[in-house]
Amino acid sequence: MGAGHGHRLHFHGHSPVHRAPAHLKVLALLGFMLVVVATPRQAYAVFAVEAAVLLVVVALSRVPLRYLLPRMVVEVPFVVFAALMPFIAHGPRTEVLGVSVSEPGLVAGVALLVKGTIGVLASLTLAATTEPQDLLRGLQRLRAPDLVVQIMGFMIRYLDVVTAELGRMMTALRSRGCDPRSPRHWPVLARSLGALFIRSYERGERVHLAMLSRGYDGRLPQTDKP
């Protein structure tokens, strides 16, 4: 992993995509995704062109596909839903590998899978080539609501903290003979997640009070790079 000093999704590099201004990359991603979403379901040639453009950007970024592909696991729920659509949708039926499926559902499922895959890969490419703080500055330059930018900033700062705390809780549970993957231990896991939520909420309250005591007035100080 090449992001020793950045966020876990960031891949440290010096490619043209890495050096591009963050606000331009956000605009490019937004425009690209609007085009992908607006593409008709059966325009497979257009999907191929969009995928080719995305792969060219990935190649220019010099981020290895072996780095991006494992992180596409977030797409699994969409894949499951897309796989179910041919079986639960109504309309004319057709056969695929000897199995009767709904033709409209099959078309919709394939389109959902293609659009979801392109969208996830494009988003991961942005995350891999943009430092979190640069992304926040880019959103500020785009005049994103101040409150939204602050929430995203705190999420980035404390996501690793909460994840590390969850890891310590899981280690403590396993050391006491609790297997989080076992259904009979799920009640214990649920209580542990509830405790983690309460701890995180209380941590947020303490941080907010500490910020107020230091003069926080609803706006974070600007730290733009020269």
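**The salt bridges**

Modeller: The protein has a radius of gyration (taken over C-alpha atoms) of 22 Å, whereas a compact globule of 226 residues would have one near 17 Å, by the rule of 2.2 Å times the number of residues to the power 0.38. The model is predicted, so local features need pLDDT of at least 70 and side-chain atom pairs pLDDT 80 or more, while totals for chains, interfaces and linings use all residues. Residues are numbered from 1 along each chain as its sequence is written, and side-chain values use heavy atoms, without hydrogens and water.

Side chains of opposite charge can pair when their charged atoms come close. There are three salt bridges here (a side-chain nitrogen of Lys or Arg within 4 Å of a carboxyl oxygen of Asp or Glu).

Glu-165 takes part in a network of salt bridges with Arg-199 and Arg-203. Arg-199 meets Glu-165 at 3.3 Å, N to O. Arg-199 lies in helix 9 (residues 186–213) and Glu-165 in helix 8 (residues 146–175), so this pair ties together parts 34 residues apart in sequence. Helices are DSSP runs of H or I, at least four residues, numbered from the N terminus. Between Arg-203 and Glu-165, the closest N and O atoms are 2.5 Å apart. That pair also links distant parts of the chain, with Arg-203 in helix 9 and Glu-165 in helix 8, 38 residues apart.

The remaining bridge joins Arg-137 and Asp-134 at 2.9 Å, N to O. Both lie in helix 7 (residues 132–141), three residues apart, about one turn of the helix. Arg-137 counts as buried at 17%, and Asp-134 as partly exposed at 22%.

Definitions and conventions:
Helices (H or I, at least four residues) and strands (E, at least two) are DSSP runs, numbered from the N terminus. Buried means under 20% relative accessible area, exposed over 50%, partly exposed in between (1.4 Å probe, protein chains only).
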